Amino acid sequence: MKKRKTIMILLSLICGMGLVSCGDNNENSYEATYTVTWINDNGDILEVDSNVKEGTIPTYDGETPTKVGNAQYSYVFAGWDHEIVEVYENTTYTATFSQSTNKYVVTWVNYNGDVLEVDEDVEYGTMPSFDSATPTKEGNEEINYIFSGWSPSISEVKGNATYTATFIERHNGELIPGADPIVSEDGKTIQYGFYPQTYVSDKTLIAELDNLTTTEVNGWYLYNGDYYTKEIAKVYNNENYTFDDGTTIINGSEYWFKCEIIEWKVLSVESGSYFLLASKLLDTHNYYKNYSNRTIDNATVYANNYEQSDIRAWLNDDFYNTAFNLNNSYIHETIVSNSTTTDMSSDNQYICNDTNDKVYLLSYQDYLNSNYGFGSSAAEASSTREARTTDYARARGAWCNTRDTSKPGLKFNGSYWTRSPSNEYYYCAWNVNSSGYLSTYAVDGDSHCVRPSISISVA
C-alpha cells in the first residue's frame with residue numbers, strides 16, 4: 001500500500017514539473033480501486049464492496065451482524081476487529097461481539113401451585129436458593145406433613161425453572177427415621193438427618209444404581225426406599241486406604257455410597273432441648289483456604305477467625321441443607337460463644353465475635369468438659385474424644401490412622417477441627433487428633449475432618 005501511494009506521489013510531482021505529459025482531463029488519469037469484504041466472526045460473508053476508490057473510507061451498509069447465543073451466553077455486536085480507515089489495498093473486516101451471561105427466572109411453588117417465591121435475573125450456572133419461610137401443607141386430626149424438599153432436585157440454573165415443594169405424610173404420633181429425631185432407649189444417642197456414609201460393595205446393587213437417571217433430594221438417587229450418591233475418590237496423599245470392608249480405595253475411581261441416618265452423641269439435655277455431637281467424622285474440609293489475613297469493616301481478620309472461616313460457612317450452608325433436607329424444623333439457631341472462656345488462653349488476640357449458627361463446632365474448652373464425657377487434659381489421649389472416619393470421608397480426602405496393632409479401636413480414626421483459634425499462630429486452629437488429644441494445625445489442612453454439633457428440641 002505504501003509503495004503504491006509513493007508511486008502516485010512521484011507521478012504527480014513529475015507531471016507538475018512538465019517532464020512528461022500527464023493528460024489534461026480525469027478520463028485518462030489512473031484511478032485505483034480495491035475490494036472491501038465484511039465477514040461475521042464465523043467466517044460467513046456479510047457484504048462485499050468492490051471498486052472502492054483508493055483513499056476513501058469504506059462503509060458497511062448491511063444489517064447489523066448477529067451471533068447466535070446459547071443457554072449460557074448472549075452476544076451483541078461490538079464493532080469490527082480493526083479500525084475502519086482509508087483504503088489502499090484489499091481489506092477484510094471481521095465482526096466482533098461482546099458476551100453476557102444469560103439470566104433466568106426461578107419460580108418456587110407449593111404443592112397446590114401457590115407461588116411462594118420468584119427469583120428473577122438468576123445467572124446461568126449459579127445454584128438457586130429458596131429464601132422465604134419453609135413451605136407448609138395443612139394436615140388434619142390424623143395426618144400432618146413434613147416439608148421434604150423440592151421437585152425436581154435443585155440444580156445449577158440452565159434455563160427458566162420451577163421447583164415444587166414436596167412433603168412427607170406422617171400420621172400423628174409417627175416418627176419418620178431421619179426426618180424426625182429418634183432417641184435411643186438409653187438416651188445416649190439420637191438418630192437424625194442423613195449423610196453419605198457407607199461404601200456400596202454389592203455388585204448387583206451397583207448395577208441397579210448405575211441404571212438410575214433421575215435424582216431426588218440433594219441430587220441423591222432413590223432406590224428401594226434408600227438414598228445413594230456417587231463420588232470420585234481423592235485419597236489423602238494417595239495413601240493405601242481401604243473402606244471398612246477392606247476394599248482398597250483407588251484414587252480417581254467412582255464409588256457408590258449409601259446415605260444413612262446420622263448418629264449423634266447426646267452431650268446434654270434439658271427440658272427437651274438436646275445438645276448433640278456427631279458420633280462419626282462425616283466429611284473433610286479446611287478451616288480456611290489459606291494463611292491470608294483480610295480486612296473486613298476496617299478490622300484485621302486473621303486466617304484462624306472462626307466467624308469468617310470457610311468451615312463455618314460450609315457447615316451452615318452445604319452441610320445443613322444436605323443433612324436436614326427432609327426436615328430441619330427441630331434445629332435451634334444457637335448463639336455460639338467465641339470468647340476467651342472457650343479457648344486455651346484468656347488473652348488470645350485471635351478470638352472472634354460470637355456467632356448465630358444452626359450447625360457449629362465444639363470449642364477447645366468443650367472438649368475438656370467432663371460433663372460432656374471428655375477428659376480434662378488436652379495433652380493426653382482420650383478415647384471419648386476419638387472419632388472414626390466414614391467410608392465417604394476417606395474417599396473425600398480425609399486423613400486417617402491405618403494402624404490398630406497397639407490399640408484395636410484406633411484404625412480409621414481421623415483428626416478434626418474445633419472452632420477455637422490457636423493463641424500462638426494466626427494461621428493455626430485447635431484440632432483433636434486420632435488418639436483424642438488436642439493440638440494446633442494449619443488452617444488450610446483440607447484432610448482434616450468435620451465433626452458437627454447441633455442443638456435441637458424434641459417434644
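Trainee: Hi! What kind of model are we looking at here?

Mentor: Hello! This is a predicted model, so the values we discuss are computed ones.

Trainee: Good to know. How much space lies in the largest pocket?

Mentor: The largest pocket holds about 1,400 Å³ of space. Its lining is made of 46 residues, and those closest to the centre are Ile154, Asn218, Asn321, Thr322 and Asn325.

Trainee: And which elements give two or more residues to that lining?

Mentor: They are strand E7 (143–151), strand E10 (189–199), strand E12 (226–232) and helix H3 (310–323). H3 provides the largest share, with seven residues.

Trainee: How do the lining residues of the largest pocket divide into nonpolar, polar and charged?

Mentor: There are 20 nonpolar, 16 polar and 10 charged residues in the lining of the largest pocket.

Trainee: OK, what volume does the second largest pocket have?

Mentor: The second largest pocket has a volume of about 250 Å³. It is lined by 17 residues, with Ser148, Glu216, Val217, Tyr227 and Leu326 nearest its centre. Two elements you can look for in that lining are E7 and strand E8 (161–171), each giving two or more residues.

Trainee: Which element has the largest share of the lining of the second largest pocket?

Mentor: That is E7, with three residues. By class, the lining of this second pocket has 11 nonpolar residues, five polar ones and one charged one.

Trainee: Let's go back to H3. Where does H3 bend?

Mentor: H3 bends at Asn316, by about 25°.

Trainee: And which residues of H3 are buried?

Mentor: The buried residues of H3 are Ile311, Arg312, Trp314, Leu315, Phe319, Tyr320 and Ala323.

Trainee: What covers the buried residues of H3?

Mentor: The cover includes several strands, among them E10, E13 (254–270) and E20 (416–421). E15 (283–284), E19 (355–357) and E23 (449–450) are also included in the cover.

Trainee: Switching topic: how many aromatic pairs does the count come to?

Mentor: The count comes to 41 aromatic pairs. One of these is formed by Phe77 and Phe97, whose ring centres are 6.0 Å apart with the planes at 70°, so the pair is edge-to-face.

Trainee: Where do Phe77 and Phe97 lie?

Mentor: Phe77 is in strand E3 (residues 73–80) and Phe97 is in strand E4 (residues 91–101), so the pair ties together parts that are 20 residues apart in sequence.

Trainee: Is Phe97 buried or exposed?

Mentor: Phe97 counts as buried, because its relative accessibility is 16% and the cut-off for buried is under 20%.

Trainee: What about Tyr192 and Tyr330, what do they form?

Mentor: Tyr192 and Tyr330 form an edge-to-face aromatic pair, 5.8 Å centre to centre and with 80° between the planes. Tyr192 lies in strand E10 and Tyr330 in the loop between H3 and strand E18 (334–336), so this pair ties together parts that are 138 residues apart in sequence.

Trainee: Is Tyr192 buried or exposed?

Mentor: Tyr192 is buried, with a relative accessible area of 0%. Tyr330 is buried as well, with a relative accessible area of 16%.

Trainee: One more topic, the serines. Where does Ser447 lie?

Mentor: Ser447 lies in the loop between strand E22 (438–442) and E23. At 8% relative accessibility, Ser447 counts as buried. Leaving aside its neighbours within four places in sequence, Ser447 is in contact with Tyr236, Thr284, Gly397, Ala398 and Trp399.

Trainee: And is Ser329 buried or exposed?

Mentor: Ser329 counts as exposed, at 55% relative accessibility. You will find Ser329 in the loop between H3 and E18. Ser329 and Phe147 are 182 residues apart in sequence, with 9.2 Å between them in space, C-alpha to C-alpha.

Key. Residues numbered from 1 in each chain as written. Predicted model: local features only at pLDDT ≥ 70, side-chain atom pairs only at ≥ 80, totals over all residues. Heavy atoms only, no water. 1 Å grid on protein atoms, 1.4 Å probe; cavity = no way out; pocket = protein on both sides within 12 Å on 5 of 7 lines; lining within 4 Å. Points joined across faces, edges and corners; volume = space filled by probe spheres on them. Helix = DSSP H or I, 4+ residues; strand = E, 2+ residues; numbered from the N terminus. Nonpolar A, V, L, I, M, F, W, Y, C, P; charged D, E, K, R; others polar. Bend = angle between axes of the 7 residues up to and from the residue. Buried < 20%, exposed > 50% of the residue type's maximum accessible area, 1.4 Å probe, protein only. Contact = heavy atoms within 4.5 Å. Phe/Tyr/Trp six-rings, centres within 6.5 Å; stacked < 30°, edge-to-face > 60°.
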